[in-house]
Amino acid sequence: METIRFDELDIKPQIMRGIRDMGFEETTPIQSQAIPMVLSGVDVIGQAQTGTGKTAAFGIPVLQKVDPSSRKTQTLILSPTRELAIQVADEIRKLAKYMHGVKVLPVYGGQDISRQIKALKGGVQIIIGTPGRLMDHLRRRTIRTDMVNTIVLDEADEMLNMGFREDIEDILDYLPQEHQTVLFSATMPKPILDITKKYQQNAVTIKVVKKELTVANIDQYYYDVKRKDKVEVLSRLLDYYNPKLSLVFCNTKRMVDELTDELVGRGYSAEALHGDLKQVQRDRVMNHFRQGKTDILVATDVAARGIDVDDVEAVFNYDLPQDDEYYVHRIGRTGRAGRTGKAFSFVKGKEVYKLKDIQRYCKTRILARPIPSGDDVAQVKAEKIMEQLGRIIDRENLDSMIELIEQQINASDYTAMDFAAAFLLREMGLDEGPEDGQTFSFDFGDTGAEEGMVRLFINIGKKQNVKPGDILGAIAGESGMPGNLVGAIDMFDKYTFVEVPREYGLEVLHAMKHAKIKGREVSVEPANQK
Ligand code: ADP
Ligand code: MG
């Protein structure tokens, strides 16, 4: 669909300067349609996927309409999270860089309210707030609505998901009779349509259809990977493509934690992002990622929602998303702002059908790819290192080093080529044993189990009224291992030995860390030799 130049729209020169500073060249499709509509003053419903520039789609007209000579609050923007509220405020401030006298302030829960009240006292025309906190200010009358002429519900679907419906309705009820209501959302489930019916008048709907959403400039591949090999394959892909920033999606918080641990254990710079983290922790993780201190963010869908980082070069669906629409949300984090990105999905067995559904739904193609072999990865790594060495050779004076090497060559049977090759091997991290990308297996040592199995010790037994079925159920329920693979279960009064296949040993150990059997937390360890 049409994108146009911003100067084809009737935008004030000061705002145009801000837009130019931000490096925007053309409007996105939602912007080309929404900006004139919002400017015209009618109620608007805007639907477009994540990453399509919805913030500026309402931010620009809101700025155009604001009266800088009045200090009264004129626009309220509702945002689902603190993170998003701050992002929206930042984007609008950038757009308003050359507009004098326009104040923009985010208000959100978790921040000291008296600080916000102080900031509000100076007069703020545009307020971006999470619904709960905004309602709090309205009740305290620290935010007044008598001059509010525009309200924007941004990421409306997410606000409803987070249970803000009542607050939103309360806020809408606070507004003066005459005002414009603008709603933006990536999806339009029924509860949103209910709100639009109740609170908007003759609303114009603008919908940017799915196929021209974010997936256009994203190369999408899938790999047929067994569950137990996923970490290994992910590592190879990370080594092979060496993306600057990567997002890895898992379907559960636990998987996020486990995978992050495994990646860190393998020497990657990875951090976890999920709903169990406190806001401060989330902020810290996000900042690390944004600044490139962390290369890999492992996240759940909800936690990653609205992440606004432009340099994400690769998105991995470590688990396939449960909902087709999430696929678009997830991979939309890469290939932003005209860049190309890559999306990799891991599937096994029947999941291929799910992938077919996703392709149909997103009108896109996801191509099968062979997993890079250990050799492929080594080749890429070697090339990268040689490139870096080339730069060092160009830049540095190497005379004294050359002298040292010459001394060594003269004193030994090695050639300069031998030394160079050994250095390369070490740089590639391949000097210790045959670490050539063979499948990773944790060494349990001898646990006294049958061949191919590991024997685990669990500190719960008959005295606690536990039956073998409880143990089996807990293992099958907590780990991804099918129950029929559980081997011998030996129960004693206060403890139990259970055998599981060696390749599942680590996963079961991990999974059981969080497990309860008969309501009790248990500890599970590899058993000692009999
Ligand atoms: P959405 O709310 O639709 O998920 P955002 O408003 O957060 O998307 O925009 C995503 C990114 O695209 C931001 O970094 C934003 O600055 C950038 N962006 C927005 N409009 C344009 C444009 N016209 N050209 C280039 N980049 C843009
Ligand atoms: Mg947005």
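**Glu-169 is buried in this predicted model, at a relative accessible area of 13%.** Buried stands for under 20% relative accessible area, exposed for over 50% and partly exposed for values in between, with a 1.4 Å probe and protein chains only. Glu-169 forms a salt bridge with Lys-198, their closest N and O atoms lying 2.7 Å apart. The pair links distant parts of the chain, 29 residues apart, with Glu-169 in helix H8 (residues 165-174) and Lys-198 in helix H9 (residues 190-199). Lys-198 is exposed, with a relative accessibility of 56%. A salt bridge is counted when a side-chain nitrogen of Lys or Arg is within 4 Å of a carboxyl oxygen of Asp or Glu. Helices (H or I, at least four residues) and strands (E, at least two) are DSSP runs numbered from the N terminus.

Residues are numbered from 1 along each chain as its sequence is written, while chains are lettered from A and ligands numbered from 1 in the order in which they are written. In this predicted model local features need pLDDT of at least 70, side-chain atom pairs count only at pLDDT 80 or more, and totals for chains, interfaces and linings use all residues, with side-chain values based on heavy atoms and hydrogens and water left out.

**A salt bridge joins Asp-470 and Lys-518, with 3.6 Å between the closest N and O atoms.** Asp-470 sits in helix H19 (residues 468-478) and Lys-518 in the loop between strand E18 (516-517) and strand E19 (520-521), so the pair ties together parts 48 residues apart in sequence. Asp-470 is partly exposed at 25% relative accessibility, and Lys-518 is partly exposed at 49%. Elsewhere, Arg-5, Asp-7 and Glu-8 are joined into one network by salt bridges that share partners. The structure holds 24 salt bridges.

Arg-93 is partly exposed, with a relative accessible area of 37%, and so is Asp-90, at 36%.

**Met-386, Leu-389, Ile-392 and Ile-393 form a nonpolar surface patch.** Together they have about 360 Å² of accessible area, computed by the Shrake-Rupley method with a 1.4 Å probe and, for residues, with only the protein chains shown as cover. Patches consist of residues with over 30% relative accessible area and no salt bridge; like charges are joined within 9 Å, nonpolar side chains (Val, Leu, Ile, Met, Phe, Trp, Tyr) within 5 Å. Leu-389 belongs to helix H16 (residues 374-395) and is partly exposed at 38% relative accessibility.

**Ile-331 is buried, at 0% relative accessibility.** This residue is part of helix H14 (residues 324-331). Its C-alpha atom is 5.8 Å from that of Val-315, 16 residues away along the chain.
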